Amino acid sequence: PAIRFADQAIEAGDHPSEAYATQAIIALRQQHPDEALTLAQQAIAKDARNAAAYRIVATVYGDRGDLEGEYQARLGEMKAASDDEFYTISVFHFLIDKVGDYYKALEVAKQLVVATPDNASALAQVGYFHSLIGEYEQAVDYFNQAIAREPQNPEFYGKRGLARSLEEQGLTEAAVAAYKNASALAPRASQ
């Protein structure tokens, strides 16, 4: 039924990008990656803001071992939905987990901050990447900027946030205070 509705939508010109993306998802699930790639590319051609279509392209390229193709698709995904962490985080996972390029992840995160300056999660990502490369003072600055925008977010305070960077600088009392803030905001979360 979904394929039939997608076909009808394409014929009618009713959200064809979404219809092509739906068909691409189905093709991918049915183990037809070439067809999925073609359909996802058609979705992008109809609407370059279709982040789901970029994700499908990235998945196909990733499964093929095409790192450059996957990277470009992940960047497209992030650009298409720069205000949606579900999509933006995938480029960071790719750069950190698949390629191991913390410096590139930092560069891309900074670009995201420029594009969305009030995005607290993007600021925290920049802080996290600074901490991964040992730039703890810069990390603290970005975590504090994120906290200023979302003071109730426990992730910005805990072990992947402010506390770790303070601890690495030997600022134990400040780190303990940050851990306590994280714990108070999310008492059940493992910090």
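This is a predicted model: local features need pLDDT of at least 70, side-chain atom pairs count only at pLDDT 80 or more; totals for chains, interfaces and linings use all residues.
Residues are numbered from 1 along each chain as its sequence is written, and side-chain values use heavy atoms, with hydrogens and water left out.

Me: Why are α2 and α3 called roughly antiparallel?

Reply: The axes of helix α2 (residues 16–29) and helix α3 (residues 33–46) cross at roughly 165°. Angles under 35 degrees count as roughly parallel, over 145 as roughly antiparallel, 65 to 115 as roughly perpendicular and the rest as oblique. The two helices are therefore roughly antiparallel to each other.

Me: Which residues of α2 and α3 make the contact?

Reply: Contact means heavy atoms within 4.5 Å. Among the residues that make it are Tyr20, Ala24 and Leu28 of α2, and Leu39, Ala43 and Lys46 of α3. The residues of this contact divide into 11 nonpolar, 3 polar and 2 charged. Ala, Val, Leu, Ile, Met, Phe, Trp, Tyr, Cys and Pro count as nonpolar, Asp, Glu, Lys and Arg as charged, and the others, Gly among them, as polar.

Me: Why is Arg74 called buried?

Reply: Buried means under 20% relative accessible area, exposed over 50%, and partly exposed in between (1.4 Å probe, protein chains only). Arg74 has a relative accessible area of 11%, and is therefore buried. Arg74 has its place in helix α5. Not counting residues up to four places away in sequence, Arg74 touches Arg55, Ala58, Thr59, Ser90, Val91 and Phe94.

How values were computed
Axes are lines fitted to C-alpha atoms, for helices over the stretch in contact, and angles run from 0 to 180 degrees between N-to-C directions. Helices (H or I, at least four residues) and strands (E, at least two) are DSSP runs, numbered from the N terminus.
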